[in-house]
Amino acid sequence: MNTQNILVLSLGTNQGDKKTNLTKAISLIHNEVGTVITVSPIYEFPAWGFESEPFFNCTLVIHTLLEAQDVLTQTLEIEKKLGRIRNQQEGYAARSIDIDLITFNEEVIQTPTLTIPHPLMQERRFVLQPMCDLALTWVHPIFKKSCTQLLAECKDDTVFKQVDTLASKLEQHPLKKLNFVAIEGNIGAGKTTLTHRIAEDFNAKSIFEGFADNPFLPKFYEDANRYAFPLEMSFLADRYSQLADDLAQFDLFKAFIIADYYIFKSLIFAQITLEEDEFRLYQQVFDIMYKETPKPNLYVFLYQNTDRLLENIQKRGRSYESDISGQYLDKVTQGYINFMKTLPSNKVLLIDISDLDFVANQRDYIQILDLIEAKLTS
């Protein structure tokens with residue numbers, strides 16, 4: 001499960017429709033580089049270091065799975081798309097858009113093409129003023145000072161004014177109005193990765209299934225007939241206990257709760273693995289627990305074709321999953337589909353991710369968020 005990098009970008013423009021330039025740049029960054037989490041107000045500053053039209057400046061916090069050098073490459077491409085032509089001569093010039101990478105986590109990076117933190121950030125009020133509006137906990141890794149401290153000590157006394165505001169796409173996303181979201185999918189569909197990423201981007205409380213700690217799982221793969229019932233009962237008890245505890249603990253500092261499973265998956269897998277008489281007993285216990293379990297406001301199922309599932313399972317290299325068959329996965333998928341038919345249609349979203357890669361491709365991840373938004377606003 002990849003942890004996202006947190007970085008700050010500084011944007012500036014002093015040609016054409018300046019607010020539109022910023023809006024277009026932010027949209028491209030959101031779709032191609034990383035998720036735009038927060039956007040500062042827009043400030044008007046006089047040109048810094050040369051005579052020209054005043055600039056509109058703002059800063060962004062983004063989450064990305066890219067490394068710093070890749071972010072630089074992507075942002076330079078975005079500048080080109082928006083008409084920026086960088087010349088080789090030294091000095092400053094008017095520009096349609098300027099995107100600077102200011103911070104990358106709290107790392108110090110020095111390469112021939114990139115220095116992080118930005119080496120002049122502490123001298124530039126047009127960077128520090130909007131950056132302080134982001135309310136970051138970031139501390140400069142060299143100076144050991146917060147953004148607020150750097151701004152207080154900045155000798156740049158340029159006169160500026162706030163001229164406008166822009167909201168990030170996430171600030172307006174209807175996911176924030178929900179209490180409980182369940183992300184589900186077959187083995188290897190990527191539900192845990194997606195849950196983790198959404199939780200980070202939306203500041204949501206995350207619940208992850210602790211299947212790896214189940215002592216019966218490796219035994220089940222060695223002797224399914226003997227260990228199927230204790231395995232499924234153990235999973236059911238763990239899932240019920242975890243959901244009951246975590247959903248009962250309201251967190252004022254989190255937007256909502258998101259889980260990479262829902263308790264009904266217990267019944268889906270048990271119906272496949274248990275003998276008929278065992279399953280009847282199991283269902284009696286399950287029905288009692290299911291009645292007491294809070295229901296998700298939105299149930300998202302990630303559908304992926306069986307061949308891709310098998311590829312993903314092999315890539316992650318869990319020895320106890322190596323013998324999972326396509327036939328077994330087909331039965332699991334059908335079990336999920338049957339379950340979703342029992343839910344209110346307005347609470348279910350099936351997303352076919354067979355041709356999507358929301359880890360390697362930011363645009364695919366944003367497409368999933370857009371599909372969720374469309375579902376919640378339809």
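Ala, Val, Leu, Ile, Met, Phe, Trp, Tyr, Cys and Pro count here as nonpolar, Asp, Glu, Lys and Arg as charged, and the others, Gly among them, as polar. The model is predicted: local features need pLDDT of at least 70, side-chain atom pairs count only at pLDDT 80 or more, and totals for chains, interfaces and linings use all residues. Numbering starts from 1 along each chain as its sequence is written, and side-chain values use heavy atoms, with hydrogens and water left out.

**View A. Lining of the second largest cavity.** Its volume is about 30 Å³. H30, K169, L170, H173, I366, L369, D370 and E373 line this cavity. Three of the lining residues are nonpolar, two polar and three charged. Helix 12 (residues 362–377) gives the largest share of the lining, four residues. (A cavity is a set of points on a 1 Å grid over the protein atoms alone where a 1.4 Å probe fits but cannot get out; lining residues have an atom within 4 Å of a point.)

View B. H118 sits in the loop between strand 7 (115–116) and helix 3 (125–132). H118 is buried, at a relative accessible area of 14% (buried means under 20%, with a 1.4 Å probe and protein chains only). Beyond its neighbours within four places in sequence, H118 contacts D100, L101, I102 and R124 (contact: heavy atoms within 4.5 Å).

**View C. Contacts of I198.** Leaving aside neighbours within four places in sequence, I198 is in contact with L175, F256, I258, Y365, L369 and I372.

Key:
1 Å grid on protein atoms, 1.4 Å probe; cavity = no way out; pocket = protein on both sides within 12 Å on 5 of 7 lines; lining within 4 Å. Points joined across faces, edges and corners; volume = space filled by probe spheres on them. Helix = DSSP H or I, 4+ residues; strand = E, 2+ residues; numbered from the N terminus. Buried < 20%, exposed > 50% of the residue type's maximum accessible area, 1.4 Å probe, protein only.
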